[in-house]
Structures are given as C-alpha cells and as structure tokens.
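Hello,

Here is the structure for your files. My notes on it follow below.

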Amino acid sequence: YQFNQVGTGPYRFVEYIPDERLVIRRNPAYAWGPSFYQPPAQGQIDEVEFRFFRDPATRLAALEQGIVQVMGEIPPGDARVLIGNTSFRIVSTTVAGQPDQLLMNTARPPLDNRSFRQILLLGTNRAAIVDSLYQGFANAAEGVVTTGTQFYNPVFSGLYPFDLQQARALMSTLGYVDADNNGYLDTPDGDLTLTMIVPPWGEYRQVAQFLQDQWGNLGIGLNLVSVPDFPTLLSEVGEGEYHLVPFNSYGVDPAFLSTYYTTEGTRNFTGYSDPNLDALLFEARRQLDPAVRGEFYSQAQTLMAEQALILPLRDRVNLTGVSARVENLQYDSYGWYPILYNASYQP
C-alpha cells in the first residue's frame with residue numbers, strides 16, 4: 001500500500017523510494033478543502049520532495065547547504081546556531097501529548113512509597129536540566145500532558161518546587177541514614193541506588209547524567225541501564241527490575257492516559273492501581289460533553305500529580321529550520337506535520 005498511495009488531499013502521490021525520498025505534486029483540481037486552505041497567489045509550491053535524515057547531526061548542514069528548504073526536528077544546539085542568521089528562521093511548535101517524562105515504578109521499593117517519589121521531584125532541578133539541554137527552546141513541563149493537548153491542567157506548577165532542604169527533611173522522616181559516611185544513604189542491601197532505563201533517542205542520556213549529579217546531593221545513587229532500541233526497552237520493562245523509565249505518547253486528545261494509568265493499561269509502567277483513577281479516566285473517555293470530559297480529566301491529572309507518578313521534564317517542541325524564502329509554513333495541532341498547501345517559496 002505504501003507504494004501506491006491514494007487520497008483526497010491537495011497533493012497527489014508521485015513516488016516513494018524507501019529511506020531516500022517521497023514526492024507529492026499539487027492537484028490543480030483541488031477545491032474541496034477547508035476555508036483556511038487558500039493557496040498563495042504567487043510562489044505556490046507545485047511539488048514537494050521529502051527526504052530522510054535519520055542522523056540528527058546531518059540536519060543543520062543539509063539546511064545550510066540548500067539541500068533542503070525545511071528541516072524538522074533540529075537539535076536545540078543546532079537551532080541556536082541559526083538564531084540571528086537572516087537566511088533562516090526557527091519555527092517552534094508544541095507537540096501534543098505527554099511531556100518528556102520519567103515514569104516511576106510504584107511496584108518496586110522504595111518507589112512504592114509516595115513520600116520517596118515526592119523526594120525525587122523536590123530534589124530535581126528540572127528548570128536547570130531543560131535550560132541546559134534545550135537551549136531555551138523548551139520549558140519545564142508542568143502537566144501530565146503538554147500545553148498543546150486538550151484539557152491540559154498545569155497540575156505540577158508550584159506543587160514540587162526544587163527544594164533540597166525540604167527533600168532532605170522528608171527523607172529523614174523515612175529513616176534513611178548514611179552510617180558509613182560514603183555519601184550515600186544506606187539500605188539493608190547496601191547503598192540506596194535506583195535503576196533507570198536509558199533509551200538511545202532524545203536527550204535521555206544527558207538527563208540521566210544530570211539526575212545522577214542532583215540526586216547524589218540527596219545521597220541517592222542512580223544506576224543506568226542503556227538499551228539500544230524500543231524492543232529491548234520493552235523487554236527491560238517486562239522484567240520489572242527498573243525504578244524509572246522514559247516513555248510517552250503523542251496525541252491531541254488525552255484518551256491515551258488510560259493506557260498509562262489505569263490498572264489494566266497496556267503501558268502502565270508505573271504499576272499504579274487506583275479504582276478512583278480508573279473511574280475518572282473511564283468517564284472521561286465515555287462522556288461526550290467537552291466540559292464534562294474536561295472536568296474528569298482535570299481531576300485525573302490532579303490525582304496523578306499528587307501521587308507523584310511521573311517526573312515531568314519538558315514540553316516537547318518540534319524545532320524546524322526554515323529557509324527565509326519559504327513563507328506561510330504552518331503545522332497541524334499535533335505539532336509534527338506541516339500544512340503545505342498555503343506555503344509559498346521564492347527561489
């Protein structure tokens with residue numbers, strides 16, 4: 001099917017060569033689109049060729065050399081290079097769905113204790129991590145879903161501010177001590193150490209290094225288990241020997257939360273089970289009135305934050321480098337897909 005695409009949109013499928021290019025051409029007879037599909041009077045784009053740059057390090061060079069006029073998913077450091085260059089601009093779109101986050105395995109001690117999960121939130125300087133890794137192109141996440149997602153509720157805002165003193169005070173109530181004075185708190189099995197699964201995508205390796213440093217100030221060690229791909233990550237999750245795992249989904253409707261936070265959710269990597277949360281998410285999916293759905297989702301998000309089920313990191317953004325010769329480039333509500341019909345190009 002992928003080699004014989006058909007559709008009813010403003011462009012026709014022309015050619016697809018795997019891992020090389022995909023070509024579409026404007027349909028001159030297209031006249032049944034929504035009102036915002038108004039083609040530019042001049043410079044309309046008659047043909048679009050998509051090319052594939054799997055290695056993020058190659059994307060900036062391809063844009064600067066004129067090999068492409070639009071390049072999505074530019075790494076933040078490379079996007080910073082383009083700032084001030086009048087030949088290009090950066091288009092930043094919020095990606096709908098879950099933020100970059102770490103899911104906490106509540107089925108494995110010590111994360112089965114809500115107070116301990118709250119300690120991790122209080123002891124993490126999320127703003128410092130985001131500012132350093134994302135070069136000012138993203139904000140620390142304040143919700144269970146991103147700001148571009150329907151029924152967004154900033155439930156983490158002010159709930160767990162970075163506060164080492166409060167984190168240490170809460171830790172002392174749990175009875176942890178560093179009896180051997182080696183810098184790490186003690187457990188019957190040795191130093192207090194958590195295990196984090198680290199995938200190869202995104203900036204999670206750098207995030208893990210930040211957390212090792214920041215949580216070390218609390219006397220908590222962090223063991224990193226690197227995985228090469230998605231199937232291996234799922235295999236590690238299936239073993240259940242982890243404390244934290246990065247994982248998220250995209251989408252404009254938060255119905256995906258049921259997959260992550262209901263008792264029988266297929267991606268309930270937190271291991272959390274609460275009939276009240278199950279009921280809230282069920283009703284949020286069942287109701288048709290947006291106001292009613294929004295109320296159920298708001299309550300569900302509040303409960304997730306209060307239970308400290310995740311460590312939210314940043315609201316994901318799609319950084320697109322665009323030639324100054326391209327105008328009227330827009331993205332859909334998902335934040336990934338360009339709306340090309342209105343775009344124009346001046347060679």
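Buried here means under 20% relative accessible area, exposed over 50%, and partly exposed in between (1.4 Å probe, protein chains only). This is a predicted model, in which local features need pLDDT of at least 70 and side-chain atom pairs count only at pLDDT 80 or more, while totals for chains, interfaces and linings use all residues. Residues are numbered from 1 along each chain as its sequence is written, and side-chain values use heavy atoms, with hydrogens and water left out.

Overall: the chain has 347 residues, of which 44% count as buried. Ten helices and 17 strands are assigned (DSSP runs, numbered from the N terminus: helices are H or I with at least four residues, strands E with at least two). The C-alpha atoms fill a box of roughly 75 × 45 × 35 Å along the principal axes. Of the contacts (heavy atoms within 4.5 Å) between residues at least 6 apart in sequence, 69% join residues at least 24 apart.

Backbone: two residues other than glycine have positive phi. Glu73, in the loop between β4 (70–71) and α2 (76–82), has phi near 55°; with a relative accessible area of 42%, Glu73 is partly exposed. Gln135 also has phi near 55° and lies in the loop between α4 (126–134) and α5 (164–173). Its relative accessibility is 30%, so Gln135 counts as partly exposed. The peptide bond from Pro109 to Pro110 is cis, with omega near 0°, and Pro110 is in the loop between β6 (100–104) and α3 (114–122).

Regards
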